[in-house]
Amino acid sequence: MPTPLMGLLLLLSGAAAPACLLVIVSLLRNRPRSLPGIVGTAALLFGFSATAVYCYGWFSVTLGGPFPALCEDMNASGAPLTSLRQDFWPLRNACVYGDGSTVEHLAASIGVLVQVSAGLAAALACAAAFLSRRRRPADTG
């Protein structure tokens, strides 16, 4: 993906996540409480959070940061550095050595946070749809 598009996505999702949180708080404070609305907004919150964290990780992989400078020419066992690997899914920067070992420089917690947030968003979206369908009276015709 082009960098400006990812930057725009990061800005939008970074602004939308707190907005979703404010909507959830206002829905909880005012009556009547719409459970499908609260669950649906929570799904949006987790979805935007997953997008923001992924974009942050994407930028750290793309821009490299101090990554190439952190790779040693030889690892502790004496194997030479053979290549640098940058993957966008799962997000990671890695130094690959001749003996097959790798040293990663992007925390795995970013990938876990993206996957958990996206999974929660999907589960909550399904729950909101189920609750919304359940509240409607059955059409008898």
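This is a predicted model: local features need pLDDT of at least 70, side-chain atom pairs count only at pLDDT 80 or more; totals for chains, interfaces and linings use all residues.
Residues are numbered from 1 along each chain as its sequence is written, and side-chain values use heavy atoms, with hydrogens and water left out.

Now to the contact itself: the side chains of Arg92 and Glu104 are joined by a polar contact of 2.7 Å. Arg92 sits in strand β2; helices (H or I, at least four residues) and strands (E, at least two) are DSSP runs, numbered from the N terminus. Is Arg92 buried or exposed? Its relative accessibility is 15%, so Arg92 counts as buried (buried means under 20% relative accessible area, exposed over 50%, partly exposed in between, with a 1.4 Å probe and protein chains only). Setting aside neighbours within four places in sequence, Arg92 is in contact (heavy atoms within 4.5 Å) with Val61, Arg85, Gln86, Asp87, Glu104 and Leu106.

## Strands and hairpins

Strand β2 (residues 91-97) runs antiparallel to β1 (residues 81-88), and 7 bridges join them; two strands pair if DSSP finds at least two bridges between them. Leu81 faces Tyr97 of β2, and Leu84 stands opposite Cys95.

β2 also has β3 (residues 102-104) as an antiparallel partner, with 3 bridges. Cys95 has Val103 as its bridge partner in β3. This hairpin has 4 residues between β2 and β3, and Gly100 in the turn shows a positive phi of about 90 degrees.

Which way do the residues of β2 point? Leu91, Asn93, Cys95 and Tyr97 go one way, Arg92, Ala94 and Val96 go the other, and all are buried. With 7 of the 7 residues buried, β2 is largely enclosed by the rest of the structure.

## Cysteines

How many disulfides turn up? The count is 1, taking a disulfide as a pair of cysteine sulfur atoms within 2.5 Å. The bond joins Cys71 to Cys95, S to S 1.8 Å, and at -80 degrees about the S-S bond the link of Cys71 and Cys95 is left-handed. It ties together distant parts of the chain: Cys71 is in the loop between α3 (67-70) and β1, Cys95 is in strand β2, and the two are 24 residues apart. Cys71, at 10% relative accessibility, counts as buried, and Cys95 is buried too, with a relative accessible area of 0%.

Cys20 is in no disulfide, and the nearest cysteine sulfur, that of Cys55, is 15 Å away. Cys20 counts as buried at 7% relative accessibility, and Cys55 is buried at 1%.

## Nonpolar cores

In soluble globular proteins, nonpolar side chains tend to be buried together. A nonpolar core here is a set of buried Ala, Val, Leu, Ile, Met, Phe, Trp, Tyr and Cys residues joined through side-chain atoms within 4.5 Å. The largest one has 10 residues: Met6, Val53, Cys55, Trp58, Phe59, Val61, Leu91, Leu106, Ile110 and Val114. Two or more residues each come from α2 (35-63) and α4 (108-135), and α2 gives the largest share, 5 residues. Val53 touches Ile110, Leu113 and Val114, not counting residues up to four places away in sequence. There is also a second, separate core of 5 residues, among them Ala17, Cys20, Ala42 and Leu45.

## Aromatic rings

The structure holds 2 aromatic pairs. Rings of Phe, Tyr and Trp (its six-membered ring) pair if their centres lie within 6.5 Å; planes under 30 degrees apart count as stacked, over 60 as edge-to-face and the rest as tilted. Why is the pair of Trp58 and Phe59 edge-to-face? The ring centres are 5.3 Å apart and the planes stand at 85 degrees, so the pair is edge-to-face. Trp58 and Phe59 are both buried, and ring pairs link Trp58, Phe59 and Phe88 into a cluster.

## Gly119 in α4

Gly119 is found in helix α4. At 38% relative accessibility, Gly119 counts as partly exposed. Its C-alpha atom is separated by 18 Å from that of Leu131, which is 12 residues apart from Gly119 along the chain.

How values were computed
A polar contact is a pair of N or O atoms within 3.5 Å; within protein, one must be able to donate a hydrogen and the other to accept it, and residues adjacent in sequence count only if both atoms are side-chain atoms.
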